[in-house]
Amino acid sequence: MKKLSLLLSFFLVFGCAAEAQIFKQAKDILGGGVPFTKEEAANALKEALEQGTSKGVDLLSKADGYYKNPQIKIPFPPEAETVESKLRAIGLGNQVDQAVESLNRAAEDAAYEAKDIFIAAIKSLTITDAINIVKGDKNSATQFLERETTRSLEGKFNPIIQASLQKVNATKYWSDVVGTYNKVPFVKKVETDLTAYVTAKAIDGLFVMIAEEELNIRENAGARTSELMRKVFK
């Protein structure tokens, strides 16, 4: 990875040099290996990103992709934590569990829709973007995708999650739970936009998984599944 970063830095600074000289320097940087072009480096990064995002999306869109993953499981909204504890204290834990599960099922329903949005963003990635990603932090590709796709993901996820919450009775569970709590004397009433909350948490969880896959491809040679990725990511 260090060699790739050095090579791409060289391309960035000396991009106007003669092609033969670029290949000679590339060969030196790679320690005598087969050199590659800027375009190959960018295409390898695109392949890596497509692989990582597809794997992350596939994992999350399966049953229990969110619900059984403690890293990204969607809990009660923070402002409703008191609701949860009080309802459990009066024997309504099962109702609370149903509400939490339904939130995560809605996120799982929406996750698959992220794939096309990610692929479009990856295909638009320029050579300059690729160089900045490779030279950046270990999650710089994830940061790029987050900047480029969050608004589109929100627009895509929101109606799916709203429909899913209704389908799995989440809206009812939530209304029952919060309604029961709000009837308790002297408590501060809780009002939450459940669809907006689940949409935001679903997208957050998606990028957690994408970051994991990015790190895996950067550090684990076995995760580079194409010849081009193996050639570039040395």
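## Overall architecture

Helices (H or I, at least four residues) and strands (E, at least two) are DSSP runs, numbered from the N terminus. By that rule, the protein has 11 helices and zero strands. Along the sequence the pattern reads α-α-α-α-α-α-α-α-α-α-α.

This is a predicted model, in which local features need pLDDT of at least 70 and side-chain atom pairs count only at pLDDT 80 or more, while totals for chains, interfaces and linings use all residues. Residues are numbered from 1 along each chain as its sequence is written, and side-chain values use heavy atoms, with hydrogens and water left out.

## Confidence

The predictor's confidence in each residue, pLDDT, runs from 0 to 100. The protein averages 76, and 75% of the residues score at least 70. Over residues 1-33 the pLDDT is below 50. Beyond near neighbours in sequence, that stretch still has 46 contacts in the model (heavy atoms within 4.5 Å). Where pLDDT is low, the predicted coordinates should not be read in detail.

## Burial and surface

Of the 234 residues, 43% count as buried. Buried means under 20% relative accessible area, exposed over 50%, and partly exposed in between (1.4 Å probe, protein chains only). The protein exposes about 11,900 Å². Carbon and sulfur atoms supply 52% of that area. Areas come from the Shrake-Rupley method with a 1.4 Å probe; for residues, only the protein chains shown count as cover.

Contacts reach across the sequence. Among those with a separation of 6 or more, 80% join residues 24 or more positions apart.

## Helix α8

Helix α8 spans residues 140-167 and bends by about 55 degrees at Thr-149. The bend is the angle between axes fitted to the seven residues ending there and the seven starting there. Thr-149 is buried. Other buried residues of α8 include Phe-144, Leu-145, Leu-153 and Ile-161.

Thr-142 also lies in α8. Thr-142 counts as buried because its relative accessibility is 4%. Not counting residues up to four places away in sequence, Thr-142 touches Phe-207, Ile-210, Ala-211 and Glu-214. A polar atom of the Thr-142 side chain lies 3.5 Å from the backbone nitrogen of Ala-211.

Phe-157 is another α8 residue. At 0% relative accessibility, Phe-157 counts as buried. Leaving aside neighbours within four places in sequence, Phe-157 is in contact with Ala-110, Ala-111, Ala-114, Thr-199, Ala-202, Ile-203 and Leu-206.

## Ala-106 in helix α5

Ala-106 sits in helix α5 (residues 93-111). Ala-106 is buried, with a relative accessible area of 0%. Setting aside residues up to four places away, Ala-106 touches Ile-161, Ser-164, Leu-165 and Val-198. Of these, Ile-161, Ser-164 and Leu-165 are buried residues of α8.

Phe-157 is 51 residues from Ala-106 in sequence and 9.5 Å away in space. Ser-61 is 45 residues from Ala-106 in sequence and 9.8 Å away.

## The aromatic pair

The structure holds one aromatic pair. Rings of Phe, Tyr and Trp (its six-membered ring) pair if their centres lie within 6.5 Å; planes under 30 degrees apart count as stacked, over 60 as edge-to-face and the rest as tilted. The ring centres of Phe-118 and Phe-207 are 5.8 Å apart and the planes meet at 70 degrees, so the pair is edge-to-face.

Phe-118 belongs to helix α6 (residues 114-123), Phe-207 to helix α10 (residues 194-219). Phe-118 is buried at 0% relative accessibility, and Phe-207 is buried at 5%.

How values were computed. Polar contact = N/O pair within 3.5 Å; in protein donor to acceptor, adjacent residues only side chain to side chain.
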